[in-house]
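Open the model in a viewer and keep a selection panel at hand. The stops below say what to pick next and what is there.

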Amino acid sequence: MDSLRRVFLFVLGLLFVKSSYLEQLVKKEWWETALVYQIWPRGFQDSDGDGEGDLKGIISHLDYLQDLGINTIWLNPIYSSPLIDSGYDISNYIDINPLFGNLQHFDELVNEAHKRDLKVILDIVPNHSSDQHQWFRLSSKNIPPYNNYYIWADGSRDGKGNRIPPNNWVSTYSDEGGSAWTWHDTREQWYYHKFHKSQPDLNLRNENVLQELQNVFKFWLMRNVDGFRINAVSYLYEDEHLRDEPNVGNGTYTSGLPENTALVYMFRSYINEWVETNNSTSKLLIAEVYGSDNVLISFYGNDTHEGIPPFNFRFITSVRNTSTAAHIKNVLEDWFEKLPNNASTNWVLSNHDHSRAASRIGLNRVDGLHMLSLLLPGQAFTYYGEEIAMLDRKMLWNETIDQMGCVKTKDTYANYSRDPARTPMQWNSSTSGGFSTSKTTYLPIHPNYLQRNVEAQKKEIQSNLNTYKLLAALRRNEVFTHGDYEFATLNNDRIFILKRFLENNPTYIVVVNLGLREEKVNLTSLYPNLKDSLQIIVASSNAVHVTEMISPQNILLTANAALVLKAKEIPWSTTTSGTNATTASPPAITTEKNSATASSSMLQLIISTSVVVMLFELSPFV
């Protein structure tokens with residue numbers, strides 16, 4: 001009896017260790033699973049009737065954002081700026097543009113957001129400032145220590161005496177013949193600007209400039225912000241020797257330099273040290289980076305330095321209205337396979353630089369896309385108005401304010417302007433969609449605001465808004481915050497399947513019809529153990545045949561409709577049946593990314609083995 005008692009106590013001890021160990025493993029930082037709502041400040045809410053959104057307008061809708069289910073607000077630039085490039089031309093990094101309010105309004109916004117358990121993160125632009133910034137004004141006069149705050153260089157002259165820029169680097173705005181250099185009469189030198197000529201690049205090889213940027217971070221951290229989105233990281237550094245690029249515009253010496261990654265590591269280190277010193281909560285940091293997958297992954301960090309995760313733009317760059325289920329599956333698997341072990345990722349459907357998802361991929365596909373972006377592992381980013389499936393608005397030449405379009409011609413501007421995705425938020429059917437009491441707004445509102453608006457969708461039983469709210473609530477479930485995932489396709493690549501599962505929890509299956517006709521889906525062809533009826537947890541707003549329960553063998557999905565289904569816990573392994581069903585065996589990295597599941601299985605194995613060994617030793621036959 002004493003021997004059996006020892007075995008029993010030993011097993012109990014192991015179970016306690018397992019429970020405590022897993023409790024530590026599953027703990028995540030708040031930002032790892034954040035649902036971030038991106039606000040274009042000019043376009044969210046006008047509080048004073050001038051046709052421009054502002055901070056008080058955002059404050060007035062904090063209850064809406066809380067009810068929506070998001071937990072983080074990302075504000076695009078609100079700093080002092082001449083607004084030539086929509087606020088990314090900053091004339092003072094530590095003050096608020098009077099158009100939006102003042103620092104008191106900002107503090108009120110942060111305080112009121114925090115009262116509602118909403119975090120606030122800001123855009124930081126370390127690559128360039130406005131030419132109206134005091135630093136540039138002093139630098140252009142060659143006044144120390146500001147004389148080396150920007151990239152200045154001498155050019156040359158051609159045979160006719162015309163000035164020639166220092167090299168062949170080009171601007172993304174391609175004005176002045178495409179050159180990224182502008183002559184400054186006062187200093188009698190050229191200054192470099194990757195973007196518009198009003199946005200001179202900062203010299204980040206200057207330690208004084210780096211200290212200025214750290215002071216900017218500190219200023220806003222002291223005002224209780226919860227994180228930063230680092231803008232234009234791909235262009236932070238350029239070739240120190242100003243060499244001509246071998247192919248004009250290919251970015252060899254102006255994009256993706258290794259120094260970019262090192263500076264991001266420094267930003268992370270500084271902010272982490274500030275958090276520790278001030279006993280603050282951890283911060284959400286994310287970098288806007290473009291480049292090869294190897295470049296993107298490098299920003300996660302290495303053995304000696306913690307990095308800042310890059311935005312994952314695959315839903316924007318790789319998914320189209322013609323994408324099949326197999327294509328989306330490949331896109332997702334490819335990214336997951338490249339992620340470092342235990343790394344968090346993020347999902348973005350739209351933002352201020354790209355066409356809205358409803359216009360780019362399809363209005364009827366929005367709910368299905370939200371089911372994927374909100375229920376995949378990691379962070380999710382929602383661009384304002386996406387929850388009601390706002391569409392791009394076509395802009396006339398004389399309505400265009402985005403410099404990307406303005407520097408083009410009347411015939412080509414529409415291919416470059418980002419204004420169509422930056423129109424006022426559509427709150428209701430009143431004047432200017434409830435965005436402003438003024439009929440004249442910074443950009444014209446989309447004419448469909450009369451039908452497509454928040455107020456109308458709140459009243460509908462099935463709407464994009466109500467579907468989004470259900471998904472936002474569901475993603476807080478531990479199956480989605482800590483569980484594993486699996487992808488599959490059915491019906492000749494017209495049906496995409498996302499399965500989320502976690503030990504001792506129900507299994508959730510997302511079924512998305514990417515086709516243009518009704519599809520009958522048989523999930524038992526993938527999961528033979530799926531015998532019982534499934535519960536419909538969330539249905540897309542365009543779904544029909546919606547009942548509380550549904551047979552896994554006979555799921556009818558109209559064109560582009562989607563469902564989130566709940567099943568009893570089923571094994572992760574799948575069985576493929578027939579040529580229409582395709583699924584990948586869960587790769588090793590799938591479980592490696594979920595330390596809770598992997599560790600649970602390992603500990604179960606250890607416990608079982610230990611018990612067998614002890615019982616064997618206690619056996620009278622040994």
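**Stop 1: an aromatic pair**

Select Phe487, which is buried at a relative accessible area of 3% (buried means under 20%, with a 1.4 Å probe and protein chains only). The model is predicted, so local features need pLDDT of at least 70 and side-chain atom pairs 80 or more, while totals for chains, interfaces and linings use all residues. Residues are numbered from 1 along each chain as its sequence is written, and side-chain values use heavy atoms, without hydrogens and water.

Phe487 and Phe496 make a tilted aromatic pair, 5.9 Å centre to centre with 35° between the planes (ring centres within 6.5 Å, the six-membered ring for Trp; under 30 degrees is stacked, over 60 edge-to-face, the rest tilted).

**Stop 2: around Phe496**

Show the residues in contact with Phe496 (heavy atoms within 4.5 Å). Leaving aside neighbours within four places in sequence, they include Ile328, Leu372, Ala488, Val512 and Leu514. Phe496 is among the residues with the most contacts inside the largest nonpolar core, which has 120 residues (buried Ala, Val, Leu, Ile, Met, Phe, Trp, Tyr and Cys joined through side-chain atoms within 4.5 Å). A second, separate core of 22 residues includes Ala488 and Val511.

**Stop 3: the enclosed and open spaces**

Next, select Ile328, Leu372, Val512 and Leu514 again: they are among the residues that line the largest cavity, with about 80 Å³ of space. On a 1 Å grid over the protein atoms alone, a cavity is a set of points where a 1.4 Å probe fits but cannot get out, a pocket is an open set with protein on both sides within 12 Å along at least five of seven lines, and lining residues have an atom within 4 Å of a point.

Which residues are closest to the centre of the largest pocket? Select Glu288, Tyr290, Asp353, Met404 and Arg418, from a lining of 29 residues. The largest pocket holds about 620 Å³ of space.

Technical notes. Grid points are joined across faces, edges and corners, and a volume is the space filled by probe spheres set on the points. Buried means under 20% relative accessible area, exposed over 50%, partly exposed in between (1.4 Å probe, protein chains only).
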